[in-house]
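This note is intended for a colleague who is meeting the structure for the first time. Please read the points below with the sequence and the model at hand.

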Amino acid sequence: MTTTAPPLELLAIEKLREEDLEEARAIQSAMLPTELLRAGAVIISHEFRPIAAVGGDFLDYFELTDGRIGLYLADVSGKGLPAALYAALAVGTLRGVHKTGTAPHDVLATLNRRLMIRGMPRRHTAIQYALFDPLTHELRIASAGMPGPLHLRSNGCRVLEINGIPPGLFPATYYETQTMRLEPGDSVLFCTDGITDAFDCVGEQFGIERLQAICEAERPDSPTQLLPRVFAAVDSFARGREQHDDMAAALFHLCD
């Protein structure tokens, strides 16, 4: 039995599609930090693994002109190119707001208003935004639809409960900011639900409790080693099962 080769037109279309996806991947990579941030006693690192060529998770961290340090990590509903395009819209909005030093809850409220103006149904973005003051060691966090974050200290790890409605769902949504004072040696782990919602071969979920246990057990010599160990733990738990969602995480560490 002979097989018919695909028409040249289909091959050309597929080639163009692959080139477009590669360009989209490059554009999305440009929206991510290129390296870890070292600012005074603060170190911020990240890991990012999309499920496809492009994905809906995004993050950034930066130093403001007044010396404060900002960080956001988000997860757009959906997957693939549509989610990546919506993520680009959200990033553009955030970059127009965050460098003004606006309070975290106001940043999320502004993001929500601007996404609602766009009027894109079935799209929203879960997000956490944090702002750190190196003079007071206060970390202010607003969160909407995201797991955690997790606060790692020398005596253990606790999961913070910060609730909020993901921007893009409902108008006139208000958010709260939770303030915590960090001690030297403390870390805060931010992650998307692609990590906590990972499944093993029998359908068991990785879960926030398992992530908490790993953070309590792992005490690497360098804080930048923790995220690779978390991702390795998720891979080991899944036991080769195909990744079903984008995974992204950022670790904020205050050095001794």
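**Helix packing and pockets**

1. The model is a predicted one. The crossing of H2 and H3 is right-handed.

2. On the H2 side, the contact with H3 is made by Tyr86, Leu89, Ala90, Thr93 and Leu94. H3 contributes Val107, Leu111, Arg114, Leu115 and Arg118. By class, the residues of this contact comprise seven nonpolar, one polar and two charged.

3. The largest pocket has a volume of about 310 Å³. Its lining consists of 18 residues, and those nearest the centre are Gly185, Ser187, Arg219, Pro220 and His253. Strand S7 (150–153) and strand S11 (247–254) are the elements that give two or more residues to this lining. The lining of the largest pocket divides into six nonpolar, six polar and six charged residues.

4. For the second largest pocket, the volume is about 170 Å³. It is lined by 14 residues, with Val234, Ala238, Arg241, Glu242 and Gln243 nearest its centre. Helix H6 (residues 226–238) supplies the largest share of this lining, three residues. The lining of the second largest pocket holds five nonpolar, four polar and five charged residues.

Note on methods. Residues are numbered from 1 along each chain as its sequence is written. This is a predicted model: local features need pLDDT of at least 70, side-chain atom pairs count only at pLDDT 80 or more; totals for chains, interfaces and linings use all residues. Side-chain values use heavy atoms; hydrogens and water are left out. A crossing is left-handed if the near helix is turned anticlockwise from the far one by less than a right angle, and right-handed if clockwise. Helices (H or I, at least four residues) and strands (E, at least two) are DSSP runs, numbered from the N terminus. Contact means heavy atoms within 4.5 Å. Ala, Val, Leu, Ile, Met, Phe, Trp, Tyr, Cys and Pro count as nonpolar, Asp, Glu, Lys and Arg as charged, and the others, Gly among them, as polar. On a 1 Å grid over the protein atoms alone, a cavity is a set of points where a 1.4 Å probe fits but cannot get out, and a pocket is an open set with protein on both sides within 12 Å along at least five of seven lines; lining residues have an atom within 4 Å of a point. Grid points are joined across faces, edges and corners, and a volume is the space filled by probe spheres set on the points.
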